Structures are given as C-alpha cells and as structure tokens.
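Biologist: Hello, and thanks for sitting down with me. Could you walk me through this model?

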Amino acid sequence: MVLPLSSNEKSERGQQKLQINVLVLGAGHVGKSALTVRFLTRRFIGEYGDIETVYTHNVTVDGREICFNIWDSLYSQNSKGTSHASEQQMCWADGFIFVYSICDRASFNVARQQVQRLRQVKGGRAPALIVGNKRDLRHRRAVSGEEGRLLALASRCGFLEVSAAETYHGVLVAFHQLLGLVRESKAAAKKAAGLRGIVRSVSAVFGKRRAE
Ligand SMILES: Nc1nc2c(ncn2[C@@H]2O[C@H](COP(=O)(O)OP(=O)(O)OP(=O)(O)O)[C@@H](O)[C@H]2O)c(=O)[nH]1
Ligand SMILES: [Mg+2]
C-alpha cells in the first residue's frame with residue numbers, strides 16, 4: 001500500500017499543497033477501482049483485480065495545487081453480513097465516496113448502510129458523495145436516479161450518476177464535487193476554531209476582571 005504524503009508538503013511554487021484523503025467505499029464490482037483509475041489516468045481498462053491501494057494524484061484547481069490521496073477499498077462482509085469502513089479508514093479520510101451500481105439494488109442497499117454508519121460515527125458534517133455508477137447500462141437499471149438523490153438528501157451527501165466506462169468527465173466532476181465539500185468543511189472547522197479562540201480570550205479577560 002502506498003502511504004499518503006504528509007499534510008504540510010509544499011508545492012514547487014512554495015505554496016502549501018492541500019492534501020485531501022478520499023476513501024472510496026461500496027459493494028463488490030460496482031466500479032470503485034474503475035472510477036479511481038479513470039480519475040488518475042483518464043482511461044477505462046476493464047478489469048482491475050482485487051487490489052486495495054492508496055493512490056496519490058496531484059492536480060491544480062483554480063491555481064492551487066491539490067494532492068488527492070485516494071484509498072480504493074475492497075469490499076468484505078463481516079459475520080453479520082454487513083461491511084463498514086474500519087476505524088482507521090474513517091479517521092484517515094477527509095471525504096468519502098459511496099459507489100453503487102445503478103443496475104444492482106443490493107449494492108444500493110450496501111451504500112445506504114455504509115452512509116448510515118458514517119453518519120453514526122462521524123456525524124452529519126463529514127463530506128460525502130453518493131455515486132451511482134454504470135450509467136451506460138440504463139436498460140438494466142434497478143435503482144432510479146430519484147432514489148439515489150433522495151438517499152443523498154436524507155444523509156446530507158452530494159449525488160451523481162456516472163459511467164466510468166463511458167466518460168472521464170462525470171468521474172472528474174465527482175472528485176471535484178467532493179473536493180469542494182472538503183474545502184467547505186475545512187473552512188467551517190477553521191472558522192469555528194477561530195471563534196472558540198475569541199470566546200476563550202474574552203472569557204479569560206472577563207473572568208480575571210470579576211476575580212479582581
Ligand atoms: N458497463 C460498465 N461496467 C463497469 C463500469 N465501471 C466498472 N465496470 C465493470 O464492473 C466490473 C467491476 O469493476 P471494478 O472497478 O473492479 O469494481 P470494484 O468495485 O473495484 O470491485 P472490487 O474491488 O472487487 O470490490 C469490471 O468488470 C468493470 O469493467 C461502468 O461504468 N460501466
Ligand atoms: Mg476494486
């Protein structure tokens with residue numbers, strides 16, 4: 001497994017590189033690897049094997065260098081027949097992509113369980129995107145776009161239907177949409193930390209005055 005880079009690595013221009021750790025989850029054979037490899041190489045290879053890897057991919061977005069660390073996970077069920085991200089994966093990830101196949105209802109149910117688990121463990125704010133893959137197989141559709149959208153709405157996730165086999169564009173949009181969500185979440189966390197700092201300083205001053 002490739003280990004992610006440290007979060008304070010600088011770009012060639014000396015600007016702080018933004019590191020974002022993305023965990024790709026979903027049932028078996030839904031196209032997790034196809035989506036990841038499409039984003040990394042723009043290509044659809046067809047067969048990917050059972051490999052679990054963290055890939056590193058550098059891109060420039062709006063003049064800022066972004067380093068995506070993408071954990072393409074393997075699906076494995078536990079004794080209860082469910083599969084969730086491990087604690088290590090949950091802690092590591094800044095953003096989550098839940099993939100299902102639009103022609104496989106069972107994979108939609110797996111995505112639902114995994115999203116619910118994320119919300120239980122990390123709360124409502126963890127940036128996440130639900131992706132219905134294999135859109136090229138519309139004639140075999142088993143999950144409507146509306147169902148996907150409703151699940152996303154109910155679980156505060158972004159939503160997209162794509163075809164890793166057919167186009168690069170949809171996959172690119174998916175990763176960029178997640179990047180937007182991660183950036184918003186980091187900015188909100190920074191603002192909240194700043195406000196907490198102000199509140200602490202103000203209460204320290206007033207607390208001191210009251211004691212005098
Ligand atoms: N028609 C079609 N086939 C796809 C698409 N994406 C992936 N596939 C095929 O679906 C199969 C599974 O794709 P993978 O990317 O290996 O799926 P995975 O989710 O990584 O599977 P595991 O790693 O085994 O859990 C392969 O045969 C792919 O060629 C798609 O958008 N359309
Ligand atoms: Mg795979």
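Biologist: Which elements do the buried residues of helix 4 pack against?

Modeller: A word on the ground rules: this is a predicted model, where local features need pLDDT of at least 70, side-chain atom pairs count only at pLDDT 80 or more, and totals for chains, interfaces and linings use all residues. Residues are numbered from 1 along each chain as its sequence is written, while chains are lettered from A and ligands numbered from 1 in the order in which they are written. Helices (H or I, at least four residues) and strands (E, at least two) are DSSP runs numbered from the N terminus, and two residues are in contact if their C-beta atoms, placed from the backbone, lie within 7 Å. The buried residues of helix 4 pack against helix 3 (105-122), strand 5 (128-133) and strand 6 (158-161).

Biologist: Which residues of helix 4 are buried?

Modeller: A residue is buried if 20 or more other C-beta atoms lie within 10 Å of its own, exposed if 12 or fewer, and partly exposed in between, with C-beta atoms placed from the backbone. In helix 4, which spans residues 145-154, the buried ones are Gly-148, Leu-151 and Ala-152. Seen down the axis, they fall within an arc of 100° (taken from the directions from the helix axis to the C-beta atoms), so they line one face of helix 4. On the other side, Glu-146, Leu-150, Leu-153 and Ala-154 are exposed. That leaves, as the buried residues, Gly-148, Leu-151 and Ala-152.

Biologist: Why does Arg-156 count as partly exposed?

Modeller: Arg-156 sits in the loop between helix 4 and strand 6. Its phi is near 55°, a positive value in a residue other than glycine. Arg-156 is partly exposed because the number of other C-beta atoms within 10 Å is 15.

Biologist: And is Lys-134 buried or exposed?

Modeller: Lys-134 lies in the loop between strand 5 and helix 4, and its phi is near 70°, also a positive value in a residue other than glycine. With 25 other C-beta atoms within 10 Å, Lys-134 is buried.

Biologist: How does the chain run from the N terminus on?

Modeller: The chain has 5 helices and 6 strands. Of its 212 residues, 33% count as buried. From the N terminus on, the order is β-α-β-β-α-β-α-β-α-β-α.

Biologist: What does Phe-68 touch, leaving aside its neighbours within four places in sequence?

Modeller: Phe-68 belongs to strand 3, and it counts as buried, with 23 C-beta neighbours inside 10 Å. Phe-68 and Leu-18 are 50 residues apart in sequence, yet 8.4 Å apart in space, C-alpha to C-alpha. The contacts of Phe-68 are Ile-20, Val-22, His-57, Val-59 and Phe-175.

Biologist: How many residues of helix 1 are buried?

Modeller: Helix 1 is mostly covered. Just after helix 1, Arg-42 takes a positive phi of about 70°. As for helix 1 itself, the buried count is 8 of its 10 residues.

Biologist: Over which residues is the pLDDT below 50?

Modeller: pLDDT is the predictor's confidence in each residue, from 0 to 100. The chain has a mean of 89, and 89% of its residues reach 70 or more. The pLDDT is below 50 over residues 1-8.
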